[in-house]
Amino acid sequence: MNEPNVKILGIESSCDDTCAAVISGTTLLSNVVAGQQVHHDYGGVVPELASRAHQQNIVPVVDAALKKAGIKKEEIDAIALTRGPGLMGSLLVGVSFAKALSIGLNKPLIEVNHMQAHILSHFIQTPSELYNPPSFPFLCLTVSGGHTQIVLVKDYFDMVILGQTLDDAAGEAFDKAAKIITLPYPGGPLVDKFAKDGDPKAFTFPTPHIAGLDFSFSGLKTSFLYLVRDGKLANANFVEEHKNDLCASFQYRVVSILMDKITKASQETGVKEIAIAGGVAANSGLRKALSEAAANYNWKVYIPKMQYCTDNAAMIAITGYFKFLKKDFAGIDLVPKARFEFTR
Ligand code: KG4
Ligand code: ZN
């Protein structure tokens with residue numbers, strides 16, 4: 001079923017980006033993101049500062065999304081919002097705003113799981129581009145600041161988590177390594193940038209031996225910490241002199257850990273439709289490794305555009321659209337969930 005004229009407003013406020021988007025059917029009309037500079041010097045998101053910034057940003061961001069889409073708020077058919085997982089104070093801003101709008105406009109609410117939305121971002125269509133979403137079943141490697149999962153996606157809302165991290169998420173590992181070499185938050189994109197001019201084999205880090213399709217990144221982070229500590233003891237300028245190589249070698253190991261497990265998942269399930277999603281899907285090393293693996297293993301790979309990798313409301317709106325088709329609406333008594341699983 002397809003209802004191309006159904007218009008969904010998506011609202012996302014689970015972490016440190018305030019986002020709103022409007023979708024008509026599967027076609028994106030607008031996608032607005034307001035980031036938060038306030039966390040840069042803290043090495044991570046400060047929850048209290050994040051919720052305050054959401055409070056300031058939410059009205060102008062939603063207003064901008066409606067204006068860019070060229071529609072009035074009365075023309076929306078439903079409001080989709082991120083219920084979780086995420087930071088409670090941040091989620092509360094989006095959820096409360098969406099509820100108020102729902103009452104004011106008399107339009108239904110649709111709750112969305114943020115991690116499920118990262119996966120369904122592959123179904124966003126834009127007027128100017130070829131529409132080529134994955135076919136079911138596909139495997140999705142969802143890698144963000146809070147999660148690292150391999151998900152078998154059998155249908156829009158029939159997903160099974162095959163493996164996940166036992167400690168740090170991949171994005172968290174990037175951010176912690178960046179902090180160790182005094183890069184500001186979020187460090188992932190900066191590690192990626194410096195890695196481009198570095199030697200990925202300059203430093204070697206151990207490969208974690210974790211059973212099945214689960215991941216672990218805390219050992220890697222610790223060996224990075226010790227390498228930098230020892231390097232600085234021997235040479236005060238160690239980090240400055242080796243920044244590119246440190247970033248390239250660290251990134252190389254994170255990517256190899258991720259690629260090993262997604263390859264294993266493909267072998268075990270026989271599924272060759274492979275997608276990536278989440279903020280770390282923006283990583284150039286991972287995108288390149290996936291493209292190379294596609295050729296080696298005869299995979300069909302789906303790599304989202306950069307703006308749909310990191311947090312956005314377009315993914316909330318598309319998920320909302322698919323729920324709208326099922327008439328899967330939420331009650332006004334809905335509350336956010338900081339921890340929120342999406343399996344059946
Ligand atoms: O999905 P996302 O925007 O927010 C969460 O739901 O967590 O992911 C943010 C994470 C951060 O840890 C950030 O450092 C990482 O994605 N990230 C990257 C890159 N761009 C964003 N990590 C590595 N390379 C990148 N290019
Ligand atoms: Zn996310």
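Which side chain makes a polar contact with the side chain of Q149? The side chain of Q164 does so, at 3.4 Å, where a polar contact is a pair of N or O atoms within 3.5 Å, one of which, within protein, must be able to donate a hydrogen and the other to accept it, and where residues adjacent in sequence count only if both atoms are side-chain atoms.

## Basis of the description

This is a predicted model, in which local features need pLDDT of at least 70 and side-chain atom pairs count only at pLDDT 80 or more, while totals for chains, interfaces and linings use all residues. Residues are numbered from 1 along each chain as its sequence is written, chains are lettered from A and ligands numbered from 1 in the order in which they are written, and side-chain values use heavy atoms, with hydrogens and water left out.

Q149 is found in strand β7, helices (H or I, at least four residues) and strands (E, at least two) being DSSP runs numbered from the N terminus. With a relative accessible area of 2%, Q149 is buried; buried means under 20% relative accessible area, exposed over 50%, and partly exposed in between, with a 1.4 Å probe and protein chains only. The C-alpha atoms of Q149 and Q164 are separated by 4.2 Å, although these residues are 15 residues apart along the chain. Leaving aside neighbours within four places in sequence, the residues in contact with Q149 include M115, C140, L141, T142 and F342, contact meaning heavy atoms within 4.5 Å.

S144, in the loop between β6 and β7 (148-155), counts as buried at 9% relative accessibility. The side chain of S144 reaches the backbone nitrogen of G146 at 3.3 Å, and, not counting residues up to four places away in sequence, S144 touches M115, A169, A170, G171, E172, G278, G279 and V280.

## The zinc site

The zinc ion (ligand 2) is coordinated by H114 (NE2), H118 (NE2) and D311 (OD), at 2.0 to 2.1 Å. Donors are N, O and S atoms within 2.8 Å of the metal (3.2 Å for Na, K and Ca), and sites may look incomplete because water is not among the atoms. Along the chain, the donors follow the spacing H-x3-H-x192-D.

Both H114 and H118 are buried. Because they are 4 residues apart in helix α3 (residues 114-120), H114 and H118 are separated by about one helical turn.

## Helix α8

The 14 residues of helix α8 (residues 284-297) should span 20 Å at 1.5 Å a residue, and the end C-alpha atoms are 20 Å apart, which agrees; the expected span is 1.5 Å times one less than the number of residues.

The buried residues of α8 are G285, L286, R287, A289, L290, A293 and A294. These buried residues pack against β6 (138-143), α5 (188-195), α7 (238-269), β9 (273-277), β10 (300-302) and α9 (306-309).

D175, found in helix α4 (residues 170-180), is buried yet has no salt bridge, and the nearest side chain of opposite charge, K176, is 9.3 Å away. Here a salt bridge is a side-chain nitrogen of Lys or Arg within 4 Å of a carboxyl oxygen of Asp or Glu, and for charge Lys and Arg count as positive and Asp and Glu as negative, with His and the chain ends not counted. A polar atom of the D175 side chain lies 3.1 Å from the backbone nitrogen of G188. Leaving aside neighbours within four places in sequence, D175 is in contact with Y185, P186, G187 and G188.

P186 is found in the loop between α4 and α5, and a cis peptide bond joins Y185 and P186, with omega about -5°. T182 also has its place in the loop between α4 and α5; T182 has a positive phi of about 55° although it is not a glycine, and counts as exposed at 66% relative accessibility.

## Further backbone features

Most residues other than glycine have a negative phi, and most peptide bonds are trans. The peptide bond from G84 to P85 is cis, with omega near -5°, and P85 lies in the loop between β4 (78-84) and α2 (88-105). N106, which is not a glycine, has a positive phi of about 60°; N106 is placed in the loop between α2 and β5 (109-113) and counts as exposed at 69% relative accessibility.
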